[in-house]
Amino acid sequence: MKKRWAAWLLVLILTLSFLPGSTGAATKRRAYIIPDSDIRLLTREELWQWDYESIGFIFNEIFARHGYNFIPGEKYDNFFRTRPWYQPNADPDNSAACYPQLNSVEWANERLCKDVRAEMRIMGTTNPSGMHYLDYVENGYMDVLSGFELIRLKSGQKLNVFSAPSENSWRGAKGKAKVSTNGSVYAAGWVDGWLLIMYETNNGAVRVGYIHNIKGTVDAPYLSFSCTPMKLIGDCALTDDPATQSSSIRSLSAGEEVIYLSGFQNARGSWAYVETTAEGKTVRGFIPMKVLEAFPEKDEEAEKY
């Protein structure tokens, strides 16, 4: 009898450790936000335990399981490419290669996610006290900003780095930012002939910016950004270093408008990549996603269908 009760207790502990809101190690280290959303019907009450942004990732995780091809450079593409299980379909036609694979449970969960997000929009809330998806997935391999991968550049080059894909844009290091191709360089992809990169500076900080006039070829995707005007709901600092946050380009104030480009993630949290101005020049950088006004809908690819 004692052995039977011990066995039941073990099952109960393991089950609880996978429930939303659990602080068990199994919850903190899982590869999926909701591991069983493909075989279990979610509930409205369960989804209301998450914040608005997280439900967007829960929604798109259903499609990512089946190799959904997200727009390169958008926040879901950046995130799911870091998941060890994600394998995008060779056929970019999602209606032919992805959607037929979804089962009735997944379609029901897809509908419920949309309904709950619509309820939040009607109520004018992002449910900020809800759980956040990055607290419930393994992110140890996300020290490098999501969407960036190590590349090999021809050595011996020192390339000028600009904050936006233009030589007239704001430039870090008092206008002298450069990257040496002899060190490690990570790239997200191409934007108008410029390569978006991330690298470590001489003082141990990190900088994200654009380079061009590169010798040799670089195999990286062509990025497509949202370019959506949005207002800030809080004060924050704009930075080109989302890894250590050791540099601030300028302060931004609540109510100020920026151009939302995309979303990225790392061990420090969820970031909005935005465009604004600094010292009279165009500048691109990062702010915490939570200070951006609610409901940036345009980058939620699966919701377009």
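Author: In this predicted model, the largest pocket has a lining of 34 residues, and those that lie nearest its centre are Y199, E200, T201, N202 and A205. Its volume comes to about 730 Å³. Several elements contribute to this lining, for at least two residues each are supplied by α8 (172-175), β3 (178-180), β4 (185-191), β5 (194-200) and β6 (206-211). Sorted by class, the residues that line the largest pocket comprise 14 nonpolar, 12 polar and eight charged ones.

Turning to the sheet, four strands form an open arrangement in the order β7-β10-β11-β12, with antiparallel pairing. Because β7 (228-231) and β12 (281-288) stand at the edges and each have a single partner strand, one side of each is left without a neighbour in the sheet. On average, and with direction ignored, neighbouring strands of this sheet are turned by 45° against each other. Within it, the antiparallel strands β10 (residues 257-266) and β11 (residues 269-278) are joined by seven bridges, and F264 stands opposite W271 in β11.

As for the loop residue, F70 is found between α4 (52-64) and α5 (75-80), and it counts as buried because its relative accessibility is 5%, where the cut-off for buried is under 20%. F70 and P92, although 22 residues apart in sequence, have their C-alpha atoms 9.0 Å apart in space.

Key: Residues numbered from 1 in each chain as written. Predicted model: local features only at pLDDT ≥ 70, side-chain atom pairs only at ≥ 80, totals over all residues. Heavy atoms only, no water. Buried < 20%, exposed > 50% of the residue type's maximum accessible area, 1.4 Å probe, protein only. 1 Å grid on protein atoms, 1.4 Å probe; cavity = no way out; pocket = protein on both sides within 12 Å on 5 of 7 lines; lining within 4 Å. Points joined across faces, edges and corners; volume = space filled by probe spheres on them. Nonpolar A, V, L, I, M, F, W, Y, C, P; charged D, E, K, R; others polar. Pairing = 2+ DSSP bridges. Axes fitted to C-alpha atoms, helices over the stretch in contact; angles between N-to-C directions.
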